[in-house]
Structures are given as C-alpha cells and as structure tokens.
Amino acid sequence: MSMYFELDDETLWNPSNGAGRLFMRQLEVFEAEVGLPSGIGQGRYWGDPDTLEVDPVLYARFVNGLVAQHRRTGHQVVLAISEGFVATAVVLAWRAGIELVTPELEADDERCRFDVQIPASPRSTPTAVMDALQDRARELDRWMAR
C-alpha cells in the first residue's frame with residue numbers, strides 16, 4: 001500500500017503508507033510551529049485517505065516559512081530534529097515547481113536568531129544551515145518515489 005501526494009494530475013511523491021503517515025503527522029507539528037497551513041490535505045478523492053492534494057499557493061507560503069524558520073535557528077538539536085522533514089518538504093516544493101525564497105539575513109536578524117545553541121556550533125550560520133538542507137534535499141530527491 002502507498003499514498004499519493006498530488007498536484008492536479010501529477011504525482012509529486014508516492015511513499016509507503018508508513019512514510020506518508022509519518023510525514024503527515026510531522027506536517028501537523030510544523031504547521032503549528034510555523035503558524036501557517038501547509039495546503040496538503042484531502043482533495044478531489046474524498047474518502048480515499050491515501051490520496052492527498054497539494055495546494056500550490058498555500059504550500060508555497062508554508063514551505064518558504066518553514067525554510068526561513070529552519071535557516072534562522074542555530075540550535076543543533078532543533079536542526080537535527082527538523083532537517084529531514086524540512087528537506088522532504090523542499091523536495092515536494094521543487095517537484096511542484098515552487099520557487100523557494102531565501103532572503104538575505106540582515107545584521108539585526110543574525111543577532112535575533114531563536115533557539116541558539118550554547119556553546120555555538122561552527123555549522124550554525126544561516127548559510128551553512130541552508131547548504132546542509134540543500135544537500136539533504138538533493139539526496140532525498142533520489143529516494144522519493146513518484
């Protein structure tokens with residue numbers, strides 16, 4: 001058995017039910033953390049819990065907010081917990097043709113990062129976090145069936 005994440009008539013991802021359920025449960029957590037709806041839910045196939053539609057407008061807002069939040073943190077535990085989910089969400093965005101926006105951090109933003117790790121990690125700069133995320137997303141893209 002498997003699930004289908006679809007945009008119009010295109011399947012963006014066809015994970016096993018276990019991977020799909022885990023992603024959907026994590027999606028609820030990150031919707032609450034980011035404060036935005038993801039735009040992923042039951043679509044035209046009401047009654048089929050294994051087919052989920054991706055609303056590209058809502059998903060674009062959500063995934064850009066998710067990436068921005070991920071980029072701002074310097075806490076290694078938060079990064080470790082979230083990196084796999086965020087990378088998976090990024091792959092879905094790529095496949096949906098959604099452009100990810102990563103605005104430059106201003107000097108004040110650097111000082112106001114939340115969940116900062118003490119002592120600081122050498123990898124916790126926003127650029128290093130984004131580089132690691134991009135690498136992980138490219139790796140996952142090869143493993144995420146369509």
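Trainee: Which residues have the most contacts inside the largest nonpolar core?
Mentor: In soluble globular proteins, nonpolar side chains tend to be buried together. Here the largest nonpolar core has 33 residues, and Phe5, Phe23, Ile40, Tyr59 and Leu92 have the most contacts inside it. Such a core is a set of buried Ala, Val, Leu, Ile, Met, Phe, Trp, Tyr and Cys residues joined through side-chain atoms within 4.5 Å, with buried meaning under 20% relative accessible area and exposed over 50% (1.4 Å probe, protein chains only). α3 (76-95) gives the most, eight residues. Helices are DSSP runs of H or I, at least four residues, and strands are runs of E, at least two, numbered from the N terminus.
Mentor: One caveat: this is a predicted model, where local features need pLDDT of at least 70 and side-chain atom pairs count only at pLDDT 80 or more, while totals for chains, interfaces and linings use all residues. Residues are numbered from 1 along each chain as its sequence is written, and side-chain values use heavy atoms, leaving out hydrogens and water.

Trainee: At what angle do α2 and α3 pack?
Mentor: Two packed helices are described by the angle between their axes and the distance between the axes. For α2 and α3 that's about 150°, with axes 10 Å apart; axes are lines fitted to C-alpha atoms over the stretch in contact, and angles run from 0 to 180 degrees between N-to-C directions.

Trainee: Where is Asp8 found?
Mentor: In the loop between β1 and β2. Asp8 has a positive phi of about 55° although it isn't a glycine, and Asp8 is exposed, at 55% relative accessible area.
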